[in-house]
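Student: Hey, can you walk me through this one? I'd like to start with the strands and then look at a helix.
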Amino acid sequence: MNTVLLESKKGVSYISLNRPKSYNALNVEMLNELLDVIKQVEKNDDHVVMIFGEGKAFSAGGDVSMLQHDFADEELYDNVMDTIEDIMRRLYMLPKIVISAVDGPAAGLGMSLALAGDYVVANSKSRLGMLFLGVGLVPDGGGHFWLKERLGTVAAKKFIWSMEQVVASDAEEMGLVDIVSDKPAVERAEQVVKHILVAPIQTMLKTKKIYHEQKLNELKHYLAEEREAQRILRRSENHQEGVKAFIEKRAPVFNNNL
C-alpha cells in the first residue's frame with residue numbers, strides 16, 4: 001500500500017497521507033514517499049496543492065517506531081532528518097498555493113507539516129499540538145519556524161512548553177489556523193480552492209515568492225538547529241522515559257538533575 005497518494009484534478013494536486021489505521025503517523029517509508037510526491041508536484045502544471053489525511057486524523061506525528069529507535073546509526077538519523085528538511089524546504093518554496101486540510105489531530109511532526117501550508121483549514125473538532133516536550137524532545141520539521149511566523153517568539157515558546165492540544169476554534173484565535181468549519185476540512189478547503197482558481201494566481205505567487213525567498217535562510221537555520229538538538233536529546237534519559245511513558249500510557253517522570 002502506498003502511504004502517500006497523489007491525484008491531479010482540474011488544476012489541483014491532492015496529496016493524501018494514507019496510513020489511516022496509524023492515524024497517519026509519519027514513518028521512514030511515508031516520509032520518503034511524501035518527498036517523492038512533492039517532487040512530482042513540483043514538475044506538474046497544477047496551481048494549487050491540498051494536503052490532507054485519510055481516515056480520522058491529519059497526522060499523529062512521527063511514528064512510534066522512529067521514537068523507539070535510538071538512532072545510534074548516525075547515517076540513518078541524518079538520512080531521516082535530510083528527508084524531513086527537504087520536504088519542508090520544498091513545500092515552503094513551492095511555486096503553488098498550498099492548503100493544509102486538517103481533520104482530527106495534527107500533532108508533533110504532523111503539526112509542523114500542517115503549518116507548512118499557505119492556508120490551514122481545520123474542522124471544528126480537530127486539535128493541534130506540538131507535544132514534543134512530553135517525550136523530552138524539541139519540535140522538528142521546522143516547528144520552531146512555523147510557530148514563530150504565526151504566533152511570534154514569546155507565544156511560540158509558551159505553546160511548545162504547554163504540551164497542550166488546542167481545539168480548532170482556539171487555534172484560529174491564536175493564529176495557528178486560518179479557517180475553521182463544521183464541515184470536513186477537505187470540503188471547506190475546496191471552497192478556498194475555487195476562490196484561488198478564479199484569482200490571478202501568478203500575482204499571488206509573486207507575493208509568496210517575495211516573502212518566502214527572504215525567509216528561506218531563516219527556515220534553514222531552524223531546521224539545522226532542530227536537527228542538532230534532537231541528536232543530543234534523543235540520547236537523554238528523559239527522552240527514553242518520555243517514550244516509555246507514552247507507550248505505557250502514563251505520565252512521564254523526568255529527571256532534571258541529569
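Predicted model: local features only at pLDDT ≥ 70, side-chain atom pairs only at ≥ 80, totals over all residues.

Student: What's the order of the strands in the open sheet of three?

Tutor: The order is β5-β7-β8, and the pairing is mixed.

Student: Which strands stand at the edges?

Tutor: Those are β5 (105-107) and β8 (166-167). Each has a single partner strand, so one side of each is left without a neighbour in the sheet.

Student: And how do β7 and β8 pair, parallel or antiparallel?

Tutor: Antiparallel: β7, residues 127-129, pairs with β8 over two bridges. Leu-128 sits opposite Val-166 of β8.

Student: OK, new topic. Where's the kink in helix α9?

Tutor: Helix α9 covers residues 201-233, and the kink is centred on Lys-215, with a bend of about 45°.

Student: Which residues of α9 are buried?

Tutor: Among them are Ile-201, Leu-205, Leu-216, Leu-219 and Leu-223, but also Lys-208, Glu-226 and Arg-227.

Student: What covers them?

Tutor: The cover includes α3 (74-93), β4 (97-102), α5 (143-151) and α8 (185-197).

Student: Let's zoom in on α5. At what angle does it pack against α9?

Tutor: About 135°, and the axes are 8 Å apart. That makes α5 oblique to α9.

Student: Which residues meet there?

Tutor: On the α5 side they include Phe-145, Trp-146 and Lys-148, and on the α9 side they include Lys-215, Leu-219 and Tyr-222. The residues of this contact split into four nonpolar, two polar and five charged.

Notes:
Residues numbered from 1 in each chain as written. Heavy atoms only, no water. Pairing = 2+ DSSP bridges. Helix = DSSP H or I, 4+ residues; strand = E, 2+ residues; numbered from the N terminus. Bend = angle between axes of the 7 residues up to and from the residue. Buried < 20%, exposed > 50% of the residue type's maximum accessible area, 1.4 Å probe, protein only. Contact = heavy atoms within 4.5 Å. Axes fitted to C-alpha atoms, helices over the stretch in contact; angles between N-to-C directions. Parallel < 35°, antiparallel > 145°, perpendicular 65-115°, else oblique. Nonpolar A, V, L, I, M, F, W, Y, C, P; charged D, E, K, R; others polar.
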